[in-house]
Each structure stands twice: as structure tokens, then as C-alpha cells.
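Please look over the model below before reading on. The notes that follow are grouped by topic.

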Amino acid sequence: MKPELLRALPKMDLLLARPALAGSPLPYALRRQAARQVLDEYRAALRAGAGLVTVACPDNIWQIIQTLCPCATCLPLPEDDPTSAFLLLEKALNQADCLGMGCGLGQGPWAQEMVRRVLGSLRRRQDSRPLPTVVDADALNLLSHSDEGYDLSSCVLTPHPAEAARLLRCEVSQVLADQEAAARQLRRQYGAAIVLKNAVSHLIAKEGEALNVLGTPAMAKGGSGDALTGVMAALLAGRAAGAYAMDDLFLMQAACALHGLAGERAAQRCGERGMLATDLCACLGFDFWEAAIPSNGNPWFSHWGCRIG
């Protein structure tokens with residue numbers, strides 16, 4: 001891959017930064033404690049080029065979410081009626097270009113029912129217009145408890161090692177001992193594209209496998225993973241809306257690289273100890289692209305596109 005390809009990616013998003021063209025990811029969160037996770041995901045999605053972000057959340061916290069996420073649209077869902085809530089959510093999903101689910105979701109009965117219905121609806125959509133979906137955090141934990149045969153072929157699962165262990169129903173030490181094998185097993189078991197997050201992340205899609213080595217220990221804080229969900233959702237939405245064409249593995253590499261480079265730049269600005277996920281999101285802005293790809297085309301890009309299969 002050439003350096004100018006990554007440089008062109010945000011330009012296309014910026015030129016097409018209208019909801020109908022740049023892509024519309026729809027994250028949904030279901031508990032009062034979800035505000036921080038949703039904030040990181042929503043900010044990252046917008047900074048990565050999404051034209052419109054809609055946050056689906058319980059009707060008793062939508063004002064909190066709207067205050068924290070002023071550039072997003074909120075979709076209040078009735079918390080006491082899962083059936084009515086899903087009907088509202090399904091209507092929004094039919095208009096969305098991508099879904100990000102799990103950040104701030106919780107694992108209570110209401111969340112369980114919503115995840116079951118949403119993943120079931122993805123299966124029904126596969127023969128019409130597959131909805132690209134990023135499954136993270138609590139949605140992964142709920143998926144790990146389910147024995148239903150969901151069709152996750154349009155999904156990207158983004159577990160860290162502990163979540164991967166729950167999905168595989170094994171010990172975390174087994175995942176850490178051979179992360180490549182764990183990522184491959186996740187791919188076989190769930191049929192989704194996989195980003196197994198760690199200091200070196202393992203990426204697997206139908207096109208092959210890759211590694212991402214970009215990032216910094218400063219990213220080992222709450223919210224960094226939620227930010228990756230936002231970046232991934234933004235790129236998936238842009239592709240679905242026709243802003244650019246990339247295969248799954250290239251797109252996953254791009255999302256992880258942009259996320260990691262933003263983390264590195266944020267750490268330079270704020271320090272390894274002081275950096276926050278919100279700082280990472282801020283470094284997905286305009287000035288970041290010039291720093292990410294210097295005029296000579298190196299050194300950043302030379303090691304983010306490492307395909308291994």
C-alpha cells in the first residue's frame with residue numbers, strides 16, 4: 001500500500017461530509033453509567049469523518065447524552081418496553097450506514113434482549129442490505145453467553161484478551177499465550193472479522209491476516225477501546241455510503257493505524273501518564289494527518305500495513 005492512500009482517506013471523508021454521503025454510524029448505549037463510553041465512541045466517529053452520528057439510549061438519560069454529545073443526534077428508547085424500543089431502533093438501523101454496539105451497554109435483562117433482537121435482525125438483513133456492525137465491550141460479553149447461531153458475517157468483533165477469553169470460554173492466559181491462534185479461533189467460531197486488541201493487535205478478515213503495532217502504553221486507559229469502535233464505525237459507514245472502496249482487512253488496518261497514531265500523538269502532547277481517551281480523539285483532527293504521514297512518506301506508514309496472510 002502507498003502512503004498517499006491513507007492520506008487520501010480523510011480527504012474523501014471531508015469532501016463528502018454530509019450525512020447521506022460520509023456515512024451515518026449509529027451507536028447505542030443503555031445504562032446511565034454509559035455516558036463516558038458513548039462520549040469517546042461518538043467523538044472518535046466524528047473525528048474520523050462520520051457525517052452524522054446518532055446515539056440510541058434510554059429515554060431517561062437522553063438529555064445527559066445530548067448534553068455530552070452536542071454534535072450527535074439522540075434516539076430515546078423506552079426502557080420499560082423492549083419491543084417498542086427495538087421497533088424504534090430497527091427503523092433507525094434501516095437508515096444507518098453502520099452500527100456500533102456495546103460501549104456502555106450494560107449486561108442487564110433489557111440489554112440482553114436488545115442484543116438478541118439486534119443480532120437476530122442482522123441475520124435477516126444479510127440477503128438484502130447487510131449492515132456493517134462493530135461489536136465491542138458489553139455486546140461481546142453478552143454474545144459470549146449466547147448459544148444462538150447468529151450470522152455475524154457483516155460484523156467486526158473487537159475484543160481485548162479478557163473479552164476474547166469469554167468468547168472462547170477459556171482462560172485469559174491461554175489467549176495471551178498464543179494470540180494469533182485465539183484470533184483465528186474467534187474467526188472460525190463466530191464468522192466475523194476480528195481485531196484482537198493488545199500491544200500488538202491481530203486482525204483477521206476473509207482477505208487474510210495482519211498485525212497492528214502502532215500505539216502507546218498510554219492508551220491502556222478506559223475509553224481507548226471505545227474510540228477504536230468509533231473510528232472503525234466511521235470508516236465502515238463511509239465505505240457503505242460509497243465514499244471510498246476498501247476490502248475488510250485494509251479498512252481494519254486503516255482504523256487501527258489511525259487510532260494508534262492518534263494515541264501516539266496524544267501521548268506526545270499530554271504525556272504517557274496524563275493522556276486521556278478524549279486527547280486521542282482530539283488527535284484524530286486535521287493537524288494529525290500531516291503528522292501521521294510526513295512529506296517523505298515515512299516512517300509511520302512503513303509498518304502499519306503488515307499483512308501476514
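**Briefing: selected residues**

Arg169 sits in the loop that runs between helix 8 (161-168) and helix 9 (172-177). This is a predicted model.

**Positive phi values**

- Most residues other than glycine have a negative phi.
- Arg169 is not a glycine, yet its phi is positive, at about 55 degrees.
- Arg169 has a relative accessible area of 52%. The cut-off for exposed is over 50%, so Arg169 counts as exposed.
- Ala137 also has a positive phi, near 50 degrees, and is a residue other than glycine.
- Ala137 belongs to helix 7, which covers residues 137-144.
- Ala137 is buried, because its relative accessible area is 15% and buried means under 20%.

**Negative surface patch**

- Which residues gather in a patch of negative charge on the surface? They are Asp59, Glu79, Asp80 and Asp81.
- Asp80 is located in the loop between strand 3 (73-77) and helix 5 (82-93).
- Is Asp80 buried or exposed? With a relative accessible area of 71%, Asp80 is exposed.

- Trp62 is part of helix 4, residues 62-68.
- The relative accessibility of Trp62 is 33%. That value falls between the 20% and 50% cut-offs, so Trp62 counts as partly exposed.
- Beyond neighbours within four places in sequence, Trp62 is in contact with Cys57, Cys74 and Pro76.
- Trp62 and Cys74 are twelve residues apart along the chain, and 6.6 Å separates their C-alpha atoms.

- Where does His202 lie? His202 is in strand 8, residues 201-205.
- His202 has a relative accessibility of 13%. Buried means under 20%, so His202 counts as buried.
- Setting aside neighbours within four places in sequence, the contacts of His202 include Gln179, Glu180 and Ala183.
- Ile194, Val195 and Leu196 are also among the residues in contact with His202.
- Ala210 and Leu211 complete the list of His202 contacts.

How values were computed: Residues are numbered from 1 along each chain as its sequence is written. This is a predicted model: local features need pLDDT of at least 70, side-chain atom pairs count only at pLDDT 80 or more; totals for chains, interfaces and linings use all residues. Side-chain values use heavy atoms; hydrogens and water are left out. Patches are made of residues with over 30% relative accessible area and no salt bridge: like charges are joined within 9 Å, nonpolar side chains (Val, Leu, Ile, Met, Phe, Trp, Tyr) within 5 Å. Accessible areas come from the Shrake-Rupley method with a 1.4 Å probe; for residues, only the protein chains shown count as cover. A salt bridge is a side-chain nitrogen of Lys or Arg within 4 Å of a carboxyl oxygen of Asp or Glu. Lys and Arg count as positive and Asp and Glu as negative; His and the chain ends are not counted. The place of a charge is taken as NZ of Lys, CZ of Arg, CG of Asp or CD of Glu. Helices (H or I, at least four residues) and strands (E, at least two) are DSSP runs, numbered from the N terminus. Buried means under 20% relative accessible area, exposed over 50%, partly exposed in between (1.4 Å probe, protein chains only). Contact means heavy atoms within 4.5 Å.
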